[in-house]
Amino acid sequence: MSNQHKVKSMHTRYQLPNPAQALALATVLLVIAALASGQQGARQSSCADCPEWNKPQQPFRIYGNTYYVGPHGLSSILITSKAGHVLIDSALPESVPQVVANIRSLGFRIEDVKLIVNSHVHLDHGGGIAELQRLSGAEVAASPWSVEVLTKTGVGKADPQFGSIPPVELIPRAATLRDGQTLRVGDIKLTAHFTPGHTPGGTSWTWESCEGKRCLSFVYADSMTPVSAEGFRFSDSRDYPAAVQDFEKSFAFLRATPCDILLTPHPDASTLWQRLAGRERGVKPDPVISPNACKALAERAAEQLRRRLASEKGR
Ligand SMILES: [Zn+2]
């Protein structure tokens, strides 16, 4: 959420009942406005890692009609068709101008994005959805848990990181998806796979992109890291009792799904930059295409969870 909006909504919400309170409130608002304008100048204050994640990245074609349009440290994926486009993940609120400019520099228009979906509704992947929806008029669709967060709460109580993360800016409405549901925009067919664990609403996405007759299976695999707020336990959380089972379901999806090109919300998690550097050096076969990547990610994630659960036994 931009601080400008926070200040505006405070102005409209509060009635000024008497002069003394009005003066006190005016002082508060001035302080907030001063803070807001200071932060707006920096525009990189969403989190400690945010400036690093938000470094600019030249947008590029990954394969066929699938493009990378995010900043360097956070994926935003554009899938195009003649009848309109799909955007997966927004990155941060402060990433939005970059995402929009990247889409334009590839020759497409944000106004032609018809559908915005997400991996999980944390600020670094879903924080820009509200602004992108305003700019595009696109429909937003998400898992039931993520719809609650996006339209009502901003952050979910069962989120392992609840208490340690800021909310995402709310949007007026979002369509609710079923696990396995396929969404269509023009000739794009995008399937939602619920892959909870990192959050209870985590969603991975699959689709095909073609160059001539060669069609490849894309997997945009949600984060599968057991990251939490202080004190949260994946092994026996009262707020999220299914956490471990959920992770297992997500790993099983990753092991089984057709996967020529793996993308992840944090591009480093799928070594995208190393693979792209290989492609740019002319390495053959193209290292961006790596059919074992999904299985390898599942094994790394399963190992991380094993270690996390072992560490919780002593606590
Ligand atoms: Zn996250």
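## Strands 10 and 11

Strand 10 and strand 11 run antiparallel and are joined by 7 bridges. Strands here are DSSP E runs of at least two residues, and helices are H or I runs of at least four, both numbered from the N terminus. Two strands pair if DSSP finds at least two bridges between them. Ser209 stands opposite Leu216 in strand 11. The two strands form a hairpin with 2 residues between them. In that turn, Gly212 has a positive phi of about 60°.

This is a predicted model, in which local features need pLDDT of at least 70, side-chain atom pairs count only at pLDDT 80 or more, and totals for chains, interfaces and linings use all residues. Residues are numbered from 1 along each chain as its sequence is written.

Strand 8 (residues 182-185) pairs with strand 9 (residues 188-194) in the antiparallel sense, over 4 bridges. Val185 has Ile188 of strand 9 as its bridge partner. These two strands also form a hairpin with 2 residues between them, and Gly186 in the turn has a positive phi of about 55°. Strand 9 then pairs with strand 10, antiparallel, over 4 bridges. Here Thr191 is bridged to Thr206 in strand 10. At the other end, strand 11 (residues 214-220) and strand 12 run parallel and share 3 bridges. Phe218 has Ile261 of strand 12 as its bridge partner.

Helix 6 is largely enclosed by the rest of the structure, because 6 of its 8 residues are buried. Buried means that 20 or more other C-beta atoms, placed from the backbone, lie within 10 Å of the residue's own; 12 or fewer counts as exposed, and anything in between as partly exposed. The buried residues of helix 6 are Ile129, Ala130, Glu131, Leu132, Gln133 and Ser136. They pack against strand 4 (85-88), helix 4 (96-105), strand 5 (113-117), helix 5, strand 6 and helix 7. Gly137 follows helix 6 and has a positive phi, near 70°.

Helix 7 (residues 144-153) has Trp145, Ser146, Val147, Glu148, Val149 and Leu150 buried. The partners of its buried residues are helix 5 (123-126), helix 6 (129-136), strand 6 (139-142), strand 7 (175-176) and strand 10 (203-211). Just after helix 7, Gly154 takes a positive phi of about 80°.

## The nonpolar core

The largest nonpolar core has 72 residues. Such a core is a set of buried Ala, Val, Leu, Ile, Met, Phe, Trp, Tyr and Cys residues joined through C-beta atoms within 7 Å. Val86, Ile116, Leu150, Leu262 and Cys294 touch the most other members. Helix 10 (residues 293-313) gives the most to this core, with 6 residues.

Beyond residues up to four places away in sequence, Leu150 touches Val121, Gly126, Ile129, Val140, Ala142, Val168, Leu170, Ile171 and Ala174. Two residues are in contact if their C-beta atoms, placed from the backbone, lie within 7 Å.

## Leu305

Leu305 lies in helix 10. Leu305 is buried, with 21 other C-beta atoms within 10 Å. Leaving aside neighbours within four places in sequence, Leu305 is in contact with Pro226 and Phe247. Leu305 and Gly197 are 108 residues apart in sequence but 9.9 Å apart in space, C-alpha to C-alpha.

## Whole chain and confidence

The chain has 10 helices and 12 strands. Of its 315 residues, 43% count as buried. Among contacts between residues at least 6 apart in sequence, 64% join residues at least 24 apart.

The predictor's confidence in each residue is its pLDDT, from 0 to 100. The chain averages a pLDDT of 89, and 86% of the residues score at least 70. Confidence is highest in strand 3 (residues 77-79), at 99, and lowest in helix 1 (residues 3-13), at a mean of 38. Over residues 1-17 the pLDDT is below 50, and this stretch has 19 contacts in the model beyond near neighbours in sequence. Residues 27-42 also have pLDDT below 50, with 12 contacts beyond near neighbours in sequence.
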